[in-house]
Amino acid sequence: MMKKVERESSIGTKIGWAFRVLRHTLQRQFEACGYNITLEQWLILMILKNKGACSQYELTEACDKEKTTVTRLIDNLHKNGLVRRVQDRNDRRSNIIYVTQKGLEVERVLTPIAIELNRKALRGFSEEEIQLFFEMLDRMVKNVSEDK
């Protein structure tokens, strides 16, 4: 069993804890504005807004999520009128996902909330510290990815 001190200084524990706090706070802020949308659903809307229409496979790759997870997210977004599915003319097994006007409006309202939370989370850090933090995270990911 890992000692308490070791757990508290674990990189994964610290990053996971920070992510859960940020995710929970963002979810509460979305709900306070009257939107019952998850972080993952909002990310799909952002991808579609920025990249345009995508296949479900492209969304799966962009989100770095499992195919079944992305399918469920798209199902919920579709049910709420935020995206629409169109069968791919070149491959009937594939769907192209488009963000709807309603989805664009939701993304437009929620994005500033996420930007503000990001700004708040980084309050008190210098630009150099923020840059170093991002570089360190990138390097950790690269270090771990090299072992695959």
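Three strands make up an open sheet, ordered E1-E3-E2, with antiparallel pairing. E1 and E2 are the edge strands, each pairing on one side only. Strands (E, at least two residues) and helices (H or I, at least four) are DSSP runs numbered from the N terminus, and two strands pair if DSSP finds at least two bridges between them. The model is predicted: local features need pLDDT of at least 70, side-chain atom pairs count only at pLDDT 80 or more, and totals for chains, interfaces and linings use all residues. Residues are numbered from 1 along each chain as its sequence is written, and side-chain values use heavy atoms, with hydrogens and water left out.

On one side of E3 (residues 95-99), strand E1 (residues 54-55) pairs with E3 in the antiparallel sense over two bridges. Here serine 55 stands opposite isoleucine 96 of E3. Strand E2 (residues 83-87) also pairs with E3 in the antiparallel sense, over five bridges. Within this pairing, valine 83 has valine 99 of E3 as its bridge partner, and arginine 84 has tyrosine 98.

Helix H3 lies across E1, E2 and E3 and runs at about 90 degrees to E3. The angle is taken between N-to-C directions, on a scale from 0 to 180 degrees, with axes fitted to C-alpha atoms and, for helices, over the stretch in contact; contact means heavy atoms within 4.5 Å. H3 covers residues 39-51, and its 13 residues should span 18 Å at 1.5 Å a residue, which agrees with the 18 Å between its end C-alpha atoms. The expected span is 1.5 Å times one less than the number of residues.

Buried residues of H3 include Leu39, Trp42, Ile44, Leu45, Ile47 and Leu48. Buried means under 20% relative accessible area, exposed over 50%, and partly exposed in between, with a 1.4 Å probe and protein chains only. Glycine 52 follows H3, and its phi is positive, near 90 degrees.

Glutamine 56 is found in helix H4 (residues 56-63). Is glutamine 56 buried or exposed? Glutamine 56 counts as buried because its relative accessibility is 15%. Leaving aside residues up to four places away in sequence, glutamine 56 touches Val70, Thr71, Ile74, Arg85, Asn95 and Ile97. With arginine 85 there is also a side-chain to side-chain polar contact at 3.4 Å. A polar contact is a pair of N or O atoms within 3.5 Å; within protein, one must be able to donate a hydrogen and the other to accept it, and residues adjacent in sequence count only if both atoms are side-chain atoms.
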